Amino acid sequence: MLSLTHSLFTTIFLVLVILLHPSNAQLSSTFYSSTCPNVSSIVRNVIQQALQSDSRIVASLTRLHFHDCFVNGCDGSLLLDQGGNITLSEKNANPNNNSARGFDVVDNIKTSLENSCPGVVSCADILALAAEASVSLAGGPSWNVLLGRRDGLIANQSGANTAIPAPTESLANISAKFAAVGLNTTDLVALSGAHTFGRGQCRFFNQRLFNFSNTGSPDPTLNTTYLATLQQSCPQNGSGTTLNNLDPSSPDTFDNNYFKNLLINQGLLQSDQELFSTNGSATIAIVNNFANNQTAFFEAFAQSMINMGNISPLTGSQGEIRTDCKKVNGS
Ligand code: HEM
């Protein structure tokens, strides 16, 4: 009898451990349905407000979710300012420094949410919601954002320097960085389609314009008319910070023109054009498909954003809900 009771308790205990263990916790689209039912419209309204004076903000916000998720998972670590225990912020890492933007709008979203549902919505979830609202406001797809992420307590600057792909990297390297966070080739091509809006500074692609890989000539995979335009915008010894549209054909609209551009050698970044111009690559067929079928692109993009948003979230009692996205609570 004693051993039967004992084994019953053991079983109940094990079931509870399995049910409550955070690593089994799943994100859910209804996570805030009772605690902050208007979370999506609050996020969307603040972005709509920001759009009135900054047509680029939707692109910038979408990129923040990517740069957050690739480093220590989607945990809002990108948003932490340097200072106190945060000795090396992700904001100051190479891919973000003088490049990542939109942090002020994230803070406005947080303030608005703290007014309606104090202490409830994580900064990591704000980035996921802001990305979806941004894409849809720019004419792209909508999807049900999975929620329930919590905010991390640390930043990982060296992680940001290594995990986020650089625009001059080979397709093989970039694919490996996506694979390292569980994203496949379709995710890579679909998510690169986010370069259908927003801007790129000359310093991220000017190595293609005059003396590519020490050949003395420009990148041969650059359309010559487009090359001339870019050489004008980014002259040798000119400013590296001049902005150029990532998608010159429809700079602020979320559509499949990015892929159409690749077919005519008008990708802005080397990493963009490589998706179509790397001989024998599995990415070529996917680019062709998305260029010919915007619906296929939109469906794949939405699914891949969900996949990216699932990278190693903190859930349950891990991390915290930050009150100020820039700071760990109590610091
Ligand atoms: C595949 C590897 C990728 C590389 C090498 C890359 C690189 C870059 C670079 C160099 C810029 C220009 C930044 C600047 O000039 O300050 C940029 C901009 C941007 N990236 Fe990516 N990116 C990649 C993937 C992604 C993904 C997966 C997303 C989102 C899902 C994304 C969204 C954006 C957006 C929206 C912009 C424009 C931001 C703005 O205008 O503020 N990128 N990217």
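By class, the shell around the ligand has 12 nonpolar, 9 polar and 4 charged residues. Here Ala, Val, Leu, Ile, Met, Phe, Trp, Tyr, Cys and Pro count as nonpolar, Asp, Glu, Lys and Arg as charged, and the others, Gly among them, as polar. The model is predicted: local features need pLDDT of at least 70, side-chain atom pairs count only at pLDDT 80 or more, and totals for chains, interfaces and linings use all residues. Residues are numbered from 1 along each chain as its sequence is written.

The shell holds 25 residues around the ligand, and Ser60, Ser99, Leu191, Ala194 and Gly198 come nearest. A residue is near a molecule if its C-beta atom, placed from the backbone, lies within 6 Å of it. Two or more shell residues come from each of helix H3 (57–69), helix H8 (185–192) and strand E1 (199–201). Helices (H or I, at least four residues) and strands (E, at least two) are DSSP runs, numbered from the N terminus. H3 gives the largest share of the shell, 5 residues.

The protein chain is divided into domain 1 (39–164) and domain 2 (171–308). These bounds come from an automatic or database domain assignment. The ligand shell draws residues from both domain 1 and domain 2, so the ligand lies between them. The domain centres, taken over C-alpha atoms, are separated by 23 Å. The contact takes 20 residues from domain 1 and 17 residues from domain 2. Two residues are in contact if their C-beta atoms, placed from the backbone, lie within 7 Å. On the side of domain 1 that touches domain 2, H3 and helix H5 (123–137) each supply at least two residues. H3 provides the largest share of this side, 7 residues. By class, this side of domain 1 has 12 nonpolar, 6 polar and 2 charged residues.

Helix H7 (residues 171–180) has the buried residues Leu171, Ser175 and Phe178. The face of H7 turned away from its buried side carries the exposed residues Ala172, Ala176 and Ala180. A residue is buried if 20 or more other C-beta atoms lie within 10 Å of its own, exposed if 12 or fewer, and partly exposed in between, with C-beta atoms placed from the backbone. Cover for the buried residues of H7 includes H8, helix H11 (270–277) and helix H12 (283–292).
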